Amino acid sequence: MVIDYTASWCEPCKFMEPIIETMDSKYTDVGLVKIDVDELSDVAQEFGVQAMPTFLLLKQGKEVERVVGAKKDELEKKIQIHRAV
């Protein structure tokens, strides 16, 4: 599962939005959840999110990777690694 921590005012988040939608279609076996940090600030705080976008990769409820920033290649590489394991 990938959690995308985003905000409506975040320009890098807006840049990543179509990329995330493409990845969501490409990796149908990986769930994708978007969380707006302004709407669910307590959840973002619980996971230590301090910058947007932040992507958390979870397996069996535990964080296995974190990508901070609009790093599409790094995010896709980590998705590929963890979906194969």
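**Exercise 1.** In this predicted model, helix 3 lies across strand 1, strand 3 and strand 4, running at about 160° to strand 4; work out which residues of helix 3 are buried and where they sit around its axis.

*Solution.* Begin with the helix itself, which spans residues 72–84 and, with 13 residues, reaches 18 Å from its first C-alpha to its last, close to the 18 Å expected at 1.5 Å a residue. Next, apply the cut-off for burial, which is under 20% relative accessible area: Leu 75, Glu 76, Lys 78, Ile 79 and His 82 of helix 3 are buried. These residues lie on the same side of helix 3, because they cover an arc of only 165° around the axis. Finally, ask what covers the buried residues: the cover includes strand 1 (2–6), helix 1 (11–26), strand 3 (54–59) and strand 4 (62–68).

**Exercise 2.** Determine the order of the strands in the open sheet, and identify its edge strands.

*Solution.* The four strands of the open sheet follow the order 2-1-3-4, and their pairing is mixed. Strand 2 (32–36) and strand 4 are the edge strands, since each pairs on one side only. Neighbouring strands of this sheet are turned by 20° against each other on average, with direction ignored.

**Exercise 3.** Describe how strand 3 and strand 4 pair, and how helix 1 packs on the sheet.

*Solution.* Strand 3 and strand 4 pair in the antiparallel sense over six bridges, and Leu 58 has Glu 63 in strand 4 as its bridge partner. Helix 1, for its part, packs on the sheet by touching strand 1, strand 2 and strand 3, and its direction makes about 160° with that of strand 2.

Key: Residues numbered from 1 in each chain as written. Predicted model: local features only at pLDDT ≥ 70, side-chain atom pairs only at ≥ 80, totals over all residues. Heavy atoms only, no water. Helix = DSSP H or I, 4+ residues; strand = E, 2+ residues; numbered from the N terminus. Expected span 1.5 Å × (residues − 1). Buried < 20%, exposed > 50% of the residue type's maximum accessible area, 1.4 Å probe, protein only. Arc of directions from axis to C-beta. Contact = heavy atoms within 4.5 Å. Pairing = 2+ DSSP bridges. Axes fitted to C-alpha atoms, helices over the stretch in contact; angles between N-to-C directions.
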